[in-house]
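Subject: Handover of a structure and notes on what was found

Dear colleague,

Please find the structure below, followed by a summary of what was computed from it. I would be grateful if you could read the notes alongside the model.

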Amino acid sequence: MSHFYRKTAPGVRNGCVQKQNNWALSPSAYRNTQARLVIDRRKPGEGYRHLLLKRDIERFIALIPGWDTLAVGLDLFSLDRGRRGCDGWYNRGALGICAWPKEMSYALDTVWFAEHRWFLERIGARVEDGGAGRGIVIHWTDATARAYQLCHVFLHELGHHADRMHTHMKKDNAPRGEGFAEDYAFDLEREVLERYFAEFGFPE
């Protein structure tokens, strides 16, 4: 499975905060409703690393139009460990972005590339035809990968949250599934991208 198919994970438990970052974390943040949004950071895992910091999340959510309304019911944001085939997840009020693989160049799924080509071009990600046996190869930089994580993965998982909160059956995780979340991200990122470039600079 391609790294770029985001999947809603079954949830995470026992996340631990790194004390040097002084991030507030209730011991039950992964299980219980919180009074305010909690940001947690887990160890990235072997072969992965975190590209995002707490302050990146705080700066980014300030760019999202209507954030105070969108964030209702959102209790936890996790900078989670890396998972093969998973960029992020959403589970009943908890949203996570997975650590990035240390390998920065690899072949892309052709269908995924066709669907995301506009976005990749907009953030300046370098993509090339790798020739026979390799197909389409992307060469990420730290900056383009961060832009992808924030301006697409984050918004995709936020779409799952909006899906859940806007239905009458909130016990369901995300009734309308991946297609709704992906369309949600595509719609919102066109506006957020300009704000992102103004705040974070254009990836180089």
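Ring pairs join Phe 60, Trp 67, Phe 77, Phe 154, Tyr 196, Phe 197, Phe 200 and Phe 202 into a cluster. Rings of Phe, Tyr and Trp (its six-membered ring) are paired if their centres lie within 6.5 Å, and planes under 30 degrees apart count as stacked, over 60 as edge-to-face and the rest as tilted. By this rule there are 13 aromatic pairs. One of them, formed by Trp 140 and Tyr 148, is tilted, at 5.4 Å centre to centre with 40° between the planes. Both Trp 140 and Tyr 148 are buried, where buried means under 20% relative accessible area, exposed over 50% and partly exposed in between (1.4 Å probe, protein chains only).

The model is predicted, with local features requiring pLDDT of at least 70 and side-chain atom pairs counting only at pLDDT 80 or more, while totals for chains, interfaces and linings use all residues. Residues are numbered from 1 along each chain as its sequence is written, and side-chain values use heavy atoms, with hydrogens and water left out.

Overall fold

The protein chain has five helices and nine strands; these are DSSP runs numbered from the N terminus, with helices (H or I) of at least four residues and strands (E) of at least two. Along the sequence their order is β-β-α-α-β-β-β-β-β-α-β-β-α-α. Of the 204 residues in the protein chain, 51% are buried.

Helices

Helix H4 (residues 142-165) has 24 residues and should span 34 Å at 1.5 Å a residue; its end C-alpha atoms are 33 Å apart, which agrees. The expected span is 1.5 Å times one less than the number of residues. H4 bends by about 30° at Gln 149, the bend being the angle between axes fitted to the seven residues ending at a residue and the seven starting there. Because 20 of its 24 residues are buried, H4 is largely enclosed by the rest of the structure.

Helix H3 (residues 110-122) reaches 18 Å from its first C-alpha to its last over 13 residues, close to the expected 18 Å. A kink of about 65° in H3 is centred on His 116. His 116 is buried, as are Trp 112, Phe 113, Phe 119 and Leu 120 in H3.

In helix H5 (residues 177-200), Ala 185 counts as buried at 0% relative accessibility. Ala 185 and Leu 158 are 27 residues apart in sequence, with their C-alpha atoms 8.0 Å apart in space.

A loop residue

Arg 92 lies in the loop between strand E4 (88-91) and strand E5 (94-98). Although not a glycine, Arg 92 has a positive phi of about 45°. Its relative accessibility is 45%, so Arg 92 counts as partly exposed.

What does a search of the whole structure find in the way of cavities of 30 Å³ or more? The search finds one, and the largest cavity has a volume of about 30 Å³. Among the residues lining the largest cavity are Arg 49, His 50, Trp 100 and Gln 149. A cavity is a set of points, on a 1 Å grid over the protein atoms alone, where a 1.4 Å probe fits but cannot get out, and lining residues have an atom within 4 Å of a point.

Yours sincerely

Notes:
1 Å grid on protein atoms, 1.4 Å probe; cavity = no way out; pocket = protein on both sides within 12 Å on 5 of 7 lines; lining within 4 Å. Points joined across faces, edges and corners; volume = space filled by probe spheres on them.
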